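Reader: I have the model open and want to go through a few spots. Can you take my questions as they come?

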Amino acid sequence: MKKSFKFKICFGIFFLLLLGEGFVRIRFPQLNEELRYKQIHCLQNLIQIRLCPEVNETFTRKDGKPWDIQTNQLGERIVKKNKIEKSTAKVWLIGDSMAMGYGLPSEKSIAFQLENQFNIQTRVLAVDAIGTNGILSLYLDGNQSTNLEGKPTHIYWIWNPSDFIDDEREKKGIRKLIYPIHFYLSRFSVLYNYAIRSPKANAYEGSPKLYPSDHVTYLLLKNFLSKTSKDKERFRIVFSWGMAPNGTPDTKDPNYDQTNVFFTTQKLKTIDLRRETEIQFAQKKQIYIPGDGHPDEDLAELFARAIAKDYQNSQ
């Protein structure tokens, strides 16, 4: 009798969850798109998020425009007109969603423009919302698996203050242990994603705040630079304004100046595109993806031109 009762309880819970899953999928179709996007991400070593290998998918942005993403067998984003292995690329782009080109069709991405407009072979080591430690792990894995001929001469880190937020979310303790469960539930269940909404990956809420010099991000940056010290001369930090909640360049964010001082103190070269971004925004260029904040095609082109100029001037 007790076993039968427990079975009925379990079956009832399962049925309600199944019913809830179906209802949420029908009621909130946009969540199906978010789920599809999460499914192109894989888990490495039970903790590190990577793009899955051999991806070829098309998604729809918040403004209704389509964008595609393709990856090679290593899980690195590639561009349509060049699917060869990037074993001899001398320029590497590293970072999070901005370097990866989230929301941009392949032909509008920074890597595509570098390769097709400037003939600069480019490798992309970037995954959205992985934080400073995630970027370090991705870079070290790529560097260690690349032979001497394939080592980069220039490494461009497209940096933005969202790392302050991502680093605060880094998984530790019990959260680290249960993270694989969360990852796979969020990858396959719309109901779970609806119940536990993921924070925006590239946005501040409210007014920007100045993060203190002892913030975890600065500690992680020092660790990053320590572990990549032999490559220090190859690094360039590239940045521009992020998007404010009203859709304009977030010129009130004080963290760009402070972080620029930090990188300069560490004797890293920076490429500051904030002024050019303001000018292009005033000219009604497509700087940010509407309602999202990631770089749109004109800001991506600005990044590509600045990187190409720096690379060509150093030859």
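Reader: Leu185: buried, exposed or in between?

Author: Leu185 is partly exposed in this predicted model, with a relative accessible area of 37%. Buried means under 20% relative accessible area, exposed means over 50%, and partly exposed is in between (1.4 Å probe, protein chains only).

Reader: What's the ground rule on numbering and confidence?

Author: Residues are numbered from 1 along each chain as its sequence is written, and side-chain values use heavy atoms, with hydrogens and water left out. Local features need pLDDT of at least 70 and side-chain atom pairs count only at pLDDT 80 or more, while totals for chains, interfaces and linings use all residues.

Reader: Back to Leu185. Which helix is it in?

Author: Helix H7, residues 173-188. Helices (H or I, at least four residues) and strands (E, at least two) are DSSP runs, numbered from the N terminus.

Reader: Which residues make the nonpolar surface patch there?

Author: Ile174, Leu177, Ile178, Ile181 and Leu185 make a patch of about 520 Å². Patches take residues with over 30% relative accessible area and no salt bridge; like charges are joined within 9 Å, and nonpolar side chains (Val, Leu, Ile, Met, Phe, Trp, Tyr) within 5 Å. The areas come from the Shrake-Rupley method with a 1.4 Å probe, and for residues only the protein chains shown count as cover.

Reader: Now the inside. Which residues touch the most other members of the largest nonpolar core?

Author: Ile94, Ile110 and Leu114, out of 73 residues. Helix H12 (residues 297-313) gives the largest share of this core, nine residues. A nonpolar core is a set of buried Ala, Val, Leu, Ile, Met, Phe, Trp, Tyr and Cys residues joined through side-chain atoms within 4.5 Å.

Reader: What is Ile110 in contact with?

Author: Apart from neighbours within four places in sequence, Ile110 contacts Leu93, Met98, Ile158, Ala300, Phe303, Ala304 and Ile307. Contact means heavy atoms within 4.5 Å.

Reader: And why is H4 largely enclosed?

Author: Six of the eight residues of helix H4 (residues 110-117) are buried, so the rest of the structure largely encloses this helix. The buried ones are Ile110, Ala111, Phe112, Gln113, Leu114 and Glu115. They pack against strand S6 (91-95), helix H3 (97-100), strand S7 (122-126), strand S8 (154-158) and H12.

Reader: What follows H4?

Author: Asn119, whose phi is positive, near 55 degrees.

Reader: Switching to charges. How many salt bridges?

Author: The count is 16, where a salt bridge is a side-chain nitrogen of Lys or Arg within 4 Å of a carboxyl oxygen of Asp or Glu. One of them joins Arg50 and Asp141, with the closest N and O atoms 3.1 Å apart. Arg50 lies in strand S2 (residues 48-51) and Asp141 in helix H5 (residues 131-144), so this pair ties together parts that are 91 residues apart in sequence.

Reader: Is Arg50 buried or exposed?

Author: Arg50 is buried, at 8% relative accessible area, whereas Asp141 is partly exposed at 32%.

Reader: What about Glu301 and Arg305?

Author: Their side chains meet in a salt bridge (3.1 Å, N to O). Glu301 and Arg305 are four residues apart in helix H12, so about one helical turn separates them.

Reader: Last one: what is the strand order in the open sheet of three strands?

Author: S3-S4-S5, with antiparallel pairing. Strands pair if DSSP finds at least two bridges between them; S3 (residues 56-60) and S4 (residues 66-71) are joined by five.
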